Amino acid sequence: MFKSLFGKYRFLVISIALFLIFDLGVLVLNFYTSGQIAEQTERINLAGRQRTLTQQMSKATLYIKAQKLQLWVYQSGLDELRDHYNTFGETLKVFNEGGTVQSADTGLPVQIEPVQSAEGKSILVRANRLWKEFETAIDPLMVDILVTDEEIIPASEFIARKNGELFSIMDELTEYFTQTAESQTTLLRRAQVIGISLATINFFIILFHFLGQLRGRDQELQIKQHESDQILSTIGEGVFLVNKQLVMSGQHSKQLEEIFATSKLSGRRFQRFLAEFFPSKTVETAVYFIKLFYRDHVDPDLIADVNPLKRIEAVIKQRSGESERKYLDFSFAKLDQGADESVVLVTVQDVTAKILLEEQDQASENDLEQQMALLTQMLPIPQTELQQFINESLEGYDRINGLLKDTKYVNDNFEKTLTRISREAHKLKGNAAALDFDWVAEQMHGFEEQVETLRQQARVRTLCGQDLLPLTIQLRESYDSIEQIGELHQKLASYGQGRARKVVDNDLKEARAIELNQPLENKKWFDLRAFTDRIARDKGIAVELNLRGFSKPISSELTDVLYPAAIQLVRNSIAHGIETESTRQDLRKPNHGQITISVSHDKKGNYRFLFEDDGRGFDYEGIRNSLIDKGLLNERDATALGKTALVRHAFKDAVSSTAKTDQLSGRGAGLPVVWQQIKQLGGLLKIRSVENEFTQFIVDFKRAPAFDYPGNNSSNNSLARKAS
């Protein structure tokens, strides 16, 4: 059986096996004995510490006695005695029973086995007997109460009498541990000498046996190697062989070294070779695939279609030290060599140029499709409104980028900075959704998710500037999207000197003005209806948006402040306020939810902006639970809050009455954005809410020239500067 397995190499196998046995035997014994010696050394150190502790306990007791008799403060001496007493007792217990104790050398916990020898146990028996007497004498001093003379004097006298005896026993124990360590060291040295001697003798036997055989074969191999190298150097692909043990052959094509930028290929394990360039999952699949070629009754032509190494990306470190990404194509073919022996021929092609060209073509096609989709979305939007969206978005990105770059401010309060960033992102997301730029809104929604994750982390650990790096990267991607919209907008504006776009804008404005008999300046407000319908359908509800007070033109400056607030309130109403159709029927409400937005003013320059829905009203318990879940308040403080305080938190903290997070709700950033816009007006905010009936947001503010209706020449131009 043995001869059939190894054939003519059985002598080599036996010799190598013996060599390994000798080496492994020495290594195992060395490892075991070294561990024993290390533990014995630790025991020596601990026993030495025990000797020192006996003297220190005597010194501490005398010190306490002296302090007590002279009415001095004696607490430091008492603490020292207790430390020495506890350390001595714990160490002695470990010597008897084994366990963990603080090292006398490093101060770290070490594991000590119990003393097993008869001699060591004999010493410990005497030590334990004497220590029992020490415990009886010292225990009264271990209680954390006033120590009396009756307790100090007997303990001091006892330790003075017995200290020398205990010291002698510990000295004897130290000597015993030292002798044991020396005997173990001697045993280790003898075993090492014997093992190394046997291994050396065996090595020379192997060496002299094969030197004669190798010399004769070297010349034959050199001739064959030279012939094979000449053939393989002319092949333009990477070629090598893999045997049944998945070991790469000694010969390969020159091109293979060029592809993988290495000459260390011969005799390597195929799995380890692949692991240098491909992910572990890909390597596992490839190894399983190549093993199929060596299975009986498996047709190589059939499994070739499931080759996992087709057009696969590899990261290859060049000789210069730089990494290069390549796309490689592997192919496999089984070669039978007779006598039940076979190998797999592996061919590797570098298809990087081909794939990069395909990707470039695909990217160009995707860019074209994206630009066409963008163009379709942009054409119905008036030029001025689109330009305003682009400007506001870029300004918002700049504000976020400024917050990320302000390292000093960020380091002072990460959570506050992230809250400001979240509000800016939520506002940008709402503006994009209002114009149906869903892909921009999705980008900002992902950005918000990352911000929220960091906000949660900021409450449990200290963040650093590196944590904000993913935000910067994602912000750059969204910024590029807006720039792309801006570039298309510029092209549309400049094409035919803007005639094409002006025709579209004028036609849309004229059609809208005729249809609704509304001022062209207010088109943006009436477009809120389409936005409301779209997000309501996504939520699975039906909502009607009513606009009042928009029969007169509203200045763009006033729209710039109120419109973002209106967007957030519409989103908030649909996300939290308006019920489903079945719920509204149960409450005897119309099937369609009602949202009303109105703007009004009097002749005295007093303005009012009103937003109302007929939904379920404020969810006070939802706000309360959010304050608790996000760690802003504890349960007791949150429970004590009234409705007014809860609403105030909803406007100033990132809390939401719903636990589910989606593009519409869950971040708690909508109402803080509304609050920011109201602050710009210096307005007074009033909120009315009745459960299952309605919610009203009323903003009263004074008129200023920038916020006036066009053509209104009233003399009262005052503007309140503080928001309530």
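A: To begin with a term, helices (H or I, at least four residues) and strands (E, at least two) are DSSP runs, numbered from the N terminus. The chain holds 24 helices and twelve strands. This is a predicted model, in which local features need pLDDT of at least 70 and side-chain atom pairs count only at pLDDT 80 or more, while totals for chains, interfaces and linings use all residues. Residues are numbered from 1 along each chain as its sequence is written, and side-chain values use heavy atoms, with hydrogens and water left out.

Q: What share of the 724 residues is buried?
A: Buried residues make up 41%, where buried means under 20% relative accessible area, exposed over 50% and partly exposed in between (1.4 Å probe, protein chains only).

Q: Which residues have the most contacts inside the largest nonpolar core?
A: They are Phe 447, Trp 525, Leu 528, Ile 597 and Phe 609, in a core of 75 residues. A nonpolar core is a set of buried Ala, Val, Leu, Ile, Met, Phe, Trp, Tyr and Cys residues joined through side-chain atoms within 4.5 Å. Helix H19 (residues 556-577) supplies the largest share of this core, ten residues.

Q: Where is the other core?
A: Another core, of 36 residues, lies apart from the largest one; among its members are Ile 64, Leu 78, Leu 141 and Ala 155.

Q: Back to Leu 528: what is it in contact with, leaving aside neighbours within four places in sequence?
A: Leu 528 is in contact (heavy atoms within 4.5 Å) with Leu 545, Tyr 563, Ala 566, Ile 567 and Ile 597.

Q: And how do H18 and H19 cross?
A: The axes of H18 (residues 528-539) and H19 come within 10 Å and cross at roughly 25°. Axes are lines fitted to C-alpha atoms, for helices over the stretch in contact, and angles run from 0 to 180 degrees between N-to-C directions. H18 is therefore roughly parallel to H19; angles under 35 degrees count as roughly parallel, over 145 as roughly antiparallel, 65 to 115 as roughly perpendicular and the rest as oblique.

Q: Which residues of H18 make that contact?
A: On H18 they are Leu 528, Phe 531, Thr 532, Ile 535, Ala 536 and Lys 539. They meet Tyr 563, Ala 566, Ile 567, Val 570, Arg 571, Ile 574 and Ala 575 of H19.

Q: New topic: at what angle do H21 and H23 cross?
A: The axes of H21 (residues 620-629) and H23 (residues 643-652) cross at roughly 60° and come within 10 Å. The two helices are therefore oblique to each other.
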